[in-house]
Amino acid sequence: STLRVPVMPPSCPPCVAMGPLSLLLALSLLSPRGSAAGSCPPRCICASNLLSCSQANLSAVPTPLPRFTAVLDLSHNNVTRLRADWAPARLPHLHALLLSHNGLAFVSTEAFTHVPRLRHLDLSSNRLRTLDENLFSDLGELEVLLLYNNEIATVDRTAFENLGRLRKLYLGQNRIARFPLELLREGTRLPQLALLDLSANRLRAVPSGELQALPAWLRDRLYLHNNPLACDCLLFQLLDRGHRRHLSAVVDFQDELHCILPGAPAPIKILALAGQQPLNCSKAREAVLEAHLGDSVTLGCDSRWQGVRSRHWVTPGGERVLGDGGNGSVVLLANGSLQLRALRPEDAGTYACWVAGPLLNETLYVELLVHNFTLHGPHDTLNTAYTTLVGCILSVVLVLIYLYLTPCRCCCCRGTEKPPAPRDDSINSSVLSTTPNHAGGTGEPCGSHIVSSAGTGQNGRFKGGGTPPLPTRQGPKAQRKVSDPDSVSSVFSDTPIVV
């Protein structure tokens with residue numbers, strides 16, 4: 001008989017002859033999301049959860065990116081467009097994205113959908129021209145946004161929607177001619193913003209009412225140097241107050257805070273406008289007043305000028321007060337003072353009194369601090385005195401308990417109890433035992449001081465059923481107790497060692 005060996009036809013692919021397990025292994029190796037999904041992309045350096053692809057001559061974001069990436073550095077490359085699919089998978093741990101020096105000209109409004117935990121975003125030194133509608137709305141946890149050294153000329157009102165945790169916004173060295181400061185005054189879009197850099201832009205005018213309405217912490221860190229601002233006394237007074245408070249935004253850049261005066265051959269320093277014609281600005285005066293919720297206060301406007309033609313107040317919200325307030329809580333008195341009734345937390349802030357004098361105008365600022373609790377006057381004093389009296393009584397009771405109810409020590413033990421064994425050469429002595437009393441130089445243990453029934457005990461009281469005293473040692477060294485160096489109790493004992 002002839003042995004026949006089956007031969008596979010030439011048209012059958014090699015994978016058919018493989019088993020199911022081998023086939024799955026081969027497919028997993030060929031899959032682009034296989035083992036390479038967690039590896040470091042080419043031309044990048046991975047260190048723990050840090051991924052650095054800086055200066056790698058990249059024209060696009062490398063894919064796939066490891067899911068554990070926390071810091072992604074793509075600076076100094078050629079990534080000119082950041083599309084919505086640059087991160088096809090969600091990166092839940094990414095909190096810092098660096099894209100500076102890329103020539104970036106386009107950022108999709110959906111570019112940050114897969115990186116919701118981003119806290120630091122650096123888009124500086126690129127070619128961005130506009131901040132479109134809802135550009136950063138997916139970054140609810142963003143804290144620092146760097147956009148300086150771009151070509152930004154237009155800022156949409158909704159570009160910073162949902163950025164409730166943004167603390168620092170850098171927009172310096174751009175082409176911004178107008179920034180919507182009214183967005184910051186509302187306090188709803190950027191409630192935690194503490195630094196705003198608008199330096200080296202094309203701002204020609206900054207509305208004084210909007211600046212005055214900004215929160216105090218934001219006014220103190222508002223950078224406006226190197227802008228072609230128009231000279232204005234209100235702007236001078238704002239910066240002059242910052243200079244007197246030694247704010248870094250004014251003191252560090254006072255030589256770069258210039259303004260343009262009509263007819264002047266060159267820009268002049270804003271802080272030098274005091275007393276100069278034709279504006280002849282006067283320095284503003286300010287005061288600080290503290291109050292509590294529910295109180296009524298009166299803000300004085302005692303101008304030094306005689307024959308004042310007109311005056312009005314501006315609230316922290318930027319509203320002018322010419323008469324009674326909406327519900328009678330704000331009243332302009334006949335002498336020019338402003339009365340506030342039933343104070344609320346939102347009444348706190350800086351109030352400005354504008355005075356038009358016969359020769360010069362003057363501005364007086366009053367900063368009102370409203371403490372978030374009510375003051376009840378004499379009742380608080382009574383409560384404090386009562387609390388102090390109760391504390392003193394409790395202290396006296398505790399002292400009496402300590403003096404009269406403290407348990408007796410071993411030296412006042414009852415005579416019926418077994419006297420303690422001598423401490424000499426006793427290895428059973430506790431390491432933390434009390435050092436024997438050496439009063440009188442007898443060096444006897446505690447039990448030797450208990451007198452007989454005929455004597456008196458501690459504090460002169462009669463002690464019945466005592467133990468007779470132990471015989472006194474003889475010899476010149478009898479008055480000193482010799483400590484055994486090998487005894488455990490000698491570790492913490494202050495008894496001198498006699499050789």
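**Close-up 1. A left-handed disulfide links Cys233 and Cys281 in this predicted model.** The torsion about the S-S bond of this pair is about -85 degrees, so the disulfide is left-handed. Cys233 sits in helix α5, which covers residues 233–244. Cys281 sits in the loop between β16 (268–269) and β17 (285–292). The pair therefore ties together parts that are 48 residues apart in sequence. The two sulfur atoms are 2.0 Å apart. Are these two cysteines buried or exposed? Both Cys233 and Cys281 are buried.

**Close-up 2. Cys44 and Cys53 form a right-handed disulfide.** Find the two sulfur atoms, 2.0 Å apart. What is the torsion about the S-S bond here? For Cys44 and Cys53 the value is about 110 degrees, so the link is right-handed. Cys44 has a relative accessible area of 13%. Cys53 has a relative accessible area of 0%. Buried means under 20%, so Cys44 counts as buried, and so does Cys53.

**Close-up 3. A disulfide joins Cys40 to Cys46.** The S to S distance is 2.2 Å. A disulfide is a covalent bond between the sulfur atoms of two cysteines. The link of Cys40 and Cys46 is right-handed, with 90 degrees about the S-S bond.

**Close-up 4. Cys392 is partly exposed.** What is the relative accessibility of Cys392? The value is 44%, so Cys392 counts as partly exposed.

**Close-up 5. Ser100 is a buried loop residue.** Where is Ser100 placed? Look in the loop between β5 (96–98) and β6 (106–107). The relative accessible area of Ser100 is 8%, so this serine counts as buried. Which residues does Ser100 contact, leaving aside neighbours within four places in sequence? Ser75 and His76 are among them. Asp122, Ser124, Ser125 and Asn126 also touch Ser100.

Conventions: Residues are numbered from 1 along each chain as its sequence is written. This is a predicted model: local features need pLDDT of at least 70, side-chain atom pairs count only at pLDDT 80 or more; totals for chains, interfaces and linings use all residues. Side-chain values use heavy atoms; hydrogens and water are left out. Helices (H or I, at least four residues) and strands (E, at least two) are DSSP runs, numbered from the N terminus. Buried means under 20% relative accessible area, exposed over 50%, partly exposed in between (1.4 Å probe, protein chains only). Contact means heavy atoms within 4.5 Å. A disulfide is a pair of cysteine sulfur atoms within 2.5 Å.
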